[in-house]
2 protein chains.
Amino acid sequence: MTLPSRPNVDDSLVRIRSLLDKQELVRGLVHRTEMHHHEVVEDLVARQYQNELRRQINQLHPADIAHLLETLRTDERRVLWELIDSRYAGAVLLELSDPVRSSLIETLPAEKLVDAAERLDSDDIADLVPDLPAHVVQGLLQRLNHEDRTQVQSVLAFPENTVGALMDFDLAAVREDVSLDVVLRYLRRRGKLPEASDRLMVVDRDGLLRGTLGIEALVVHPGETRVAAVMEKDPVHFQTIDAAADAARAFERYDLIVAPVVNAHRQLVGCLKVDDMLDYLRESSHKDVLAQAGLSEDEDLFAPPWKAARGRWAWIALNLCTAFVASRIIGQFEGTIEQIVALAALMPIVASIGGNTGQQTLALMIQGMALKQVNSGNFRYLVSKEVGVALINGVLWGGVMGAITWALYGQLPLGVIMFAAMVLNLLLAALTGALVPMALRHIGQDPALGSSIILTGFTDSFGFMIFLGLAASFLGV
Amino acid sequence: MTLPSRPNVDDSLVRIRSLLDKQELVRGLVHRTEMHHHEVVEDLVARQYQNELRRQINQLHPADIAHLLETLRTDERRVLWELIDSRYAGAVLLELSDPVRSSLIETLPAEKLVDAAERLDSDDIADLVPDLPAHVVQGLLQRLNHEDRTQVQSVLAFPENTVGALMDFDLAAVREDVSLDVVLRYLRRRGKLPEASDRLMVVDRDGLLRGTLGIEALVVHPGETRVAAVMEKDPVHFQTIDAAADAARAFERYDLIVAPVVNAHRQLVGCLKVDDMLDYLRESSHKDVLAQAGLSEDEDLFAPPWKAARGRWAWIALNLCTAFVASRIIGQFEGTIEQIVALAALMPIVASIGGNTGQQTLALMIQGMALKQVNSGNFRYLVSKEVGVALINGVLWGGVMGAITWALYGQLPLGVIMFAAMVLNLLLAALTGALVPMALRHIGQDPALGSSIILTGFTDSFGFMIFLGLAASFLGV
């Protein structure tokens, strides 16, 4: 990848990091040596590094500055933030992930935040508002003109994950009864086209969506052509209340660049753009992966340990409960284990294979649900297929493990119990892996939420119960 | 979401599915009743459904047909495929995921494949080629004109996951020394603009990239303006050998719609478009999630159980090995367990919490690596942060669990051992979760590949070893 005027972003980042390191070193020295004659010199050195750092940073694209901030420790982030030119500060805030953004916002004075946010487009301001303190939001809204304020407020009115909350207002709308020459004159007067758009919106005098006009049409058709003659009359469009995930899938499937957004009366209220959809997709797949392991999307990779630890407590507590249940189940069979202590060594094999094969079913189901490939029509087939896979693998690998057990302990019945327990626990793992995400969705939760922890809770508990129960029944102990 | 002339795709899909169900029912009847007088009637009913089905399907967008195919069983897919109009067949193939595509291709005659592929653009043909049988590829290349054939072959020359393998040839290139009017005349003669593009490429007479010209410039500047005066002179561009993942990140970060691709001599050879990047991002995040659980990206959600089971054998076999090792470790402590059978009930708690908290570190690291947030400069900090989290959670929840153990078994030493084992295993889990993806990347593997299975192998084995080892040492048994 080659970027304009900054031949290699990665090199710049490495240089900035090493400058940060040096600066920290120098500041550390100043701090340690207290008030003596060296301090002045060291302070100068620190200033020199700081100026060099400032120069390097403000050459970067705001998205690159944001990326750099994401890869720094919390304390380094504050050092770097101070050096960012106030012209770029808003754009940088916008490109940050939620946890990093809110941790930075906490440390900034209200006036600076208003300054930074004010320079942004209204849809971008609306993105920032949920993270801003109430008094900053108020100060900010007062400074905006009427149109921008209305736009910000209209975006804020929609729930997260709807099209309304993601829409953009940078669009150009024309009438269908004018000629392309009129459109061209209008665009020339406007001075620029909406960013990242390959089409204009066509509306009637009541603002109702009539179609879209590709920029292409302006270029390849004669100027006297009417808009109505060359516009796309029935474009893919979205309602403000549509799910953002459905919109993202439509962008992917139909290769859209920009699409109109209408309200319940079919009035044009904004548009969706592919760059926002790209960010949305990345964020939601990121969220899914973390949710599966019981992490919140607000988990900041570089958060201080204490903060990160607290964010994980709820799921660890649940995990302790499931592990405790599994432990009590084993406790019921203490008499059996006392007589055949080999059972204690063998039972984790059943639990482990169950847990890991269940993870496979789980990962497939969550992905299939995210891609909308799983529906009520094929869910039964999917479950029966995963059960089939479990049966095949259970018979095969349970057979292998049963034979090893037999060979190792010289007791055929123990081998047979191992075999039967593995088949049964693999079947249970497949069912659990398929049903847990469905159940989570059914109760209105993210199908991935903590699913790994719930799954291993089942496969551990039942794995031990099946294996020890079979042993207790058939080994006559 | 509202689509042109087909108000609700989801409704259509439901209707088609129900038609498929009926058709299958009818076909089933025909099959069962052998040769008797009802057969003719049932055959007619079947035909009627088939015609209705064909009509409905061919109204859909190729991407929607592909989505429908993805949600069907293998046998249903073949029924549906037969009904797709040959004009759309190539486009549908292109939109399918790899495993579904190759399973369909296996069943199609060579002539049909050549027909379907021939209608596609050369970059799209290159996408299909790796899945096509050799004799089909040869037949196909012979039918293409010289330019298309050269383009297909040039794309095929690049390794998967490079920019070269993903590039597109649908672009318009102009010279910098002409006026915008000349460019407009050229575009009118061409009759259409490159699809999904907001800019033209600017090259010199040797084909060297000089810049890009936004379509916007054509619209808002006077016709006599020179291209050189309004073009972007130093646009973000890619080399054919750049990593596709880096390109995708650049599209995300800089909100690109289209970007030029050059060879080592800086000659323009193609372009990258945002719609291809969107598909690439979706596919690679999908692959990551599956890889973590030890599934291949070629795993077809609706594959027959036998095929699906075989695809998972390698990782189950590894899992059996790690579980066997854990079992042998417990086996070493059989004497200890025989004397204090409570240990058998308690040890899975240590293993389970270790496994699940390790998964959290693992998920964070894999995501951080995919987003390029983890690098050699901050890896040490990340590891120490995760170790810090583990220490806090270990002390806190290990303390809780130690107290419960003490209360339950009335033995303080057992509680202390529980506490110590949990702290140690959480530390080990954090280290393993952070180091496994790094190690996988270091040996040139996908950092996510089978990482869950490797991780639980460690946390189980060492969890048992730490807990039982402490018990054996300090309880004096």
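Leaving aside its neighbours within four places in sequence, with which residues is Met422(A) in contact?

Author: The model is a predicted one. In it, Met422(A) is in contact with Val350(A), Ile353(A), Gly394(A), Trp397(A), Gly398(A) and Met401(A), once neighbours within four places in sequence are left aside. Met422(A) also belongs to the largest nonpolar core, which holds 280 residues. Within that core, Met422(A), Leu272(A), Leu272(B) and Met422(B) touch the most other members. In general terms, nonpolar side chains tend to be buried together in soluble globular proteins.

The relation between the chains comes next.

As for the interface, 107 residues of chain B are in contact with 107 residues of chain A. On the side of chain B that touches chain A, helix H20 (residues 342-370) of chain B gives the most, with 17 residues. The residues of this side comprise 56 nonpolar, 28 polar and 23 charged.

A further element involving both chains is helix H15 (residues 244-254) of chain A, where eight of the 11 residues are buried. Among the buried residues are Arg249(A), Phe251(A), Glu252(A) and Arg253(A). The buried residues of H15(A) pack against elements of chain A, including strand S6 (268-273), and against helix H3 (62-70) and helix H16 (274-292) of chain B. Asp255(A), with a positive phi near 50°, follows H15(A).

Key
Residues numbered from 1 in each chain as written. Chains lettered and ligands numbered in written order. Predicted model: local features only at pLDDT ≥ 70, side-chain atom pairs only at ≥ 80, totals over all residues. Core = buried A, V, L, I, M, F, W, Y, C linked by C-beta atoms within 7 Å. Buried ≥ 20, exposed ≤ 12 C-beta atoms within 10 Å, placed from the backbone. Contact = placed C-beta atoms within 7 Å. Helix = DSSP H or I, 4+ residues; strand = E, 2+ residues; numbered from the N terminus. Nonpolar A, V, L, I, M, F, W, Y, C, P; charged D, E, K, R; others polar.
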